[in-house]
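User: I am new to reading protein models. Can you take me through one, a feature at a time?

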Amino acid sequence: MGATEAITLDGVSLGRLQPGEAAAGLALSDAAGWNQTADDWRLFLAMADVFAARAPDGPVVATAALLPYASAAWISLVLVHADWRRRGLATALMRHCLDVADQRSLTCWLDATPAGATVYEQLGFRPAGELVRLRRKAAGLSKPDTPRGCGAGDVAALVAADAAAFGFSRAAVLTEMAGRAGSQLYRKGEAIALVRDGRKARQLGPILAPDEARATALVDDILAGEAGELVIDLAADRGVLRAHLIARGFVEERPFLRMLRGAHHVAGIGEEFMAGAGPEYG
Ligand SMILES: CC(C)(COP(=O)(O)OP(=O)(O)OC[C@H]1O[C@@H](n2cnc3c(N)ncnc32)[C@H](O)[C@@H]1OP(=O)(O)O)[C@@H](O)C(=O)NCCC(=O)NCCS
């Protein structure tokens with residue numbers, strides 16, 4: 001089956017999500033209570049292969065995307081509307097993504113919810129790490145929002161630190177995210193992090209630092225400047241940072257299993273990787 005070929009499955013047609021269809025994607029992620037914004041969907045439609053399933057009467061009922069990075073790809077936005085689950089739609093759309101990956105010889109990574117992991121295991125993915133999502137409700141500070149913005153030098157530093165920690169460059173994606181109106185870069189010594197708007201909460205990540213002590217010091221600066229609701233997808237084995245976040249009012253919400261399909265020729269999570277950029281980006 002060609003990756004761009006439209007097929008039908010029980011009356012549902014499978015093909016590509018079109019460039020102008022960010023709103024249809026957003027409706028699906030909103031229905032699942034996810035944090036993606038219209039900007040996230042537009043980024044995927046501009047930079048990724050996004051596949052969609054459409055009900056016989058037209059609406060998009062499922063999606064899956066393959067976001068290519070320098071030497072690997074991230075699979076994400078695997079979402080099936082609650083009324084359409086357990087009919088093979090996630091599996092069928094994943095196969096479209098894997099066809100593209102195989103044609104380009106890309107190793108695939110993803111951050112799986114527990115439900116998603118059961119689908120991916122059957123497609124040859126294996127565990128490669130764990131993350132945990134922590135959330136802090138709005139802190140209720142009276143402090144006005146700090147002006148947002150990311151200088152070009154800071155963005156270059158983020159891209160370089162991220163590539164060193166992650167194992168492959170995510171320059172285009174991080175530069176786009178840092179350029180959004182609500183984005184803010186924080187630096188303290190060699191530690192660096194991005195905070196950006198989400199649909200429900202601001203996303204704190206990636207966080208990159210030589211060690212947890214320096215990441216913790218940076219996080220304290222960030223918390224002083226961020227009064228609203230925050231989520232962070234922390235590498236699960238960062239015990240010092242995890243305990244610190246909990247002491248500062250964060251609550252553990254759900255695990256993500258980082259999974260890999262293909263040759264393990266990239267590092268995935270280096271020592272400096274403290275928190276991800278969001279499950280759809282890694
Ligand atoms: C996870 C999700 C994408 C699965 O979509 P789906 O179209 O229902 O999945 P499929 O029909 O292709 O499932 C294939 C197989 O995976 C397994 N599976 C799928 N969902 C499962 C679940 N909730 N619990 C246990 N096993 C599950 C089953 O073995 C299933 O085969 P079966 O139905 O014949 O038993 C969907 O439940 C969803 O959108 N959930 C909310 C968002 C989410 O968590 N997305 C994953 C992000 S990583």
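Analyst: Start with a term. A salt bridge is a side-chain nitrogen of Lys or Arg within 4 Å of a carboxyl oxygen of Asp or Glu. Keep in mind that this is a predicted model. Here, Asp40 pairs with Arg180 in a salt bridge. Their closest N and O atoms are 2.9 Å apart.

User: Into which domains is the protein divided?

Analyst: Domain 1 covers 7-105, and domain 2 covers 132-275. Their centres, taken over C-alpha atoms, are separated by 25 Å. Domain 1 brings 19 residues to the contact, and domain 2 brings 22 residues.

User: How much area do domain 1 and domain 2 bury between them?

Analyst: First the general idea. Interface size is often given as the accessible area lost when the parts come together. In this model, domain 1 and domain 2 bury about 1,700 Å² between them. Carbon and sulfur atoms account for 57% of that. On the domain 1 side, Asn35, Tyr69 and Trp74 supply 33% of the area buried against domain 2, more than any other three residues.

User: How many salt bridges cross the interface of domain 1 and domain 2?

Analyst: The rule finds 4 salt bridges there. Polar contacts are counted too: 7 residue pairs between domain 1 and domain 2, both residues at pLDDT 80 or more.

User: Which element gives the largest share of the side of domain 1 that touches domain 2?

Analyst: Helix 2 does, with 4 residues. Helix 1 (22-31), helix 2 (38-47), strand 5 (72-80) and helix 3 (89-103) each supply at least two residues to that side. By class, the side has 10 nonpolar, 5 polar and 4 charged residues.

Notes: Residues numbered from 1 in each chain as written. Predicted model: local features only at pLDDT ≥ 70, side-chain atom pairs only at ≥ 80, totals over all residues. Heavy atoms only, no water. Domains from an automatic or database assignment. Contact = heavy atoms within 4.5 Å. Buried area = accessible area lost by both parts, 1.4 Å probe. Polar contact = N/O pair within 3.5 Å; in protein donor to acceptor, adjacent residues only side chain to side chain. Nonpolar A, V, L, I, M, F, W, Y, C, P; charged D, E, K, R; others polar.
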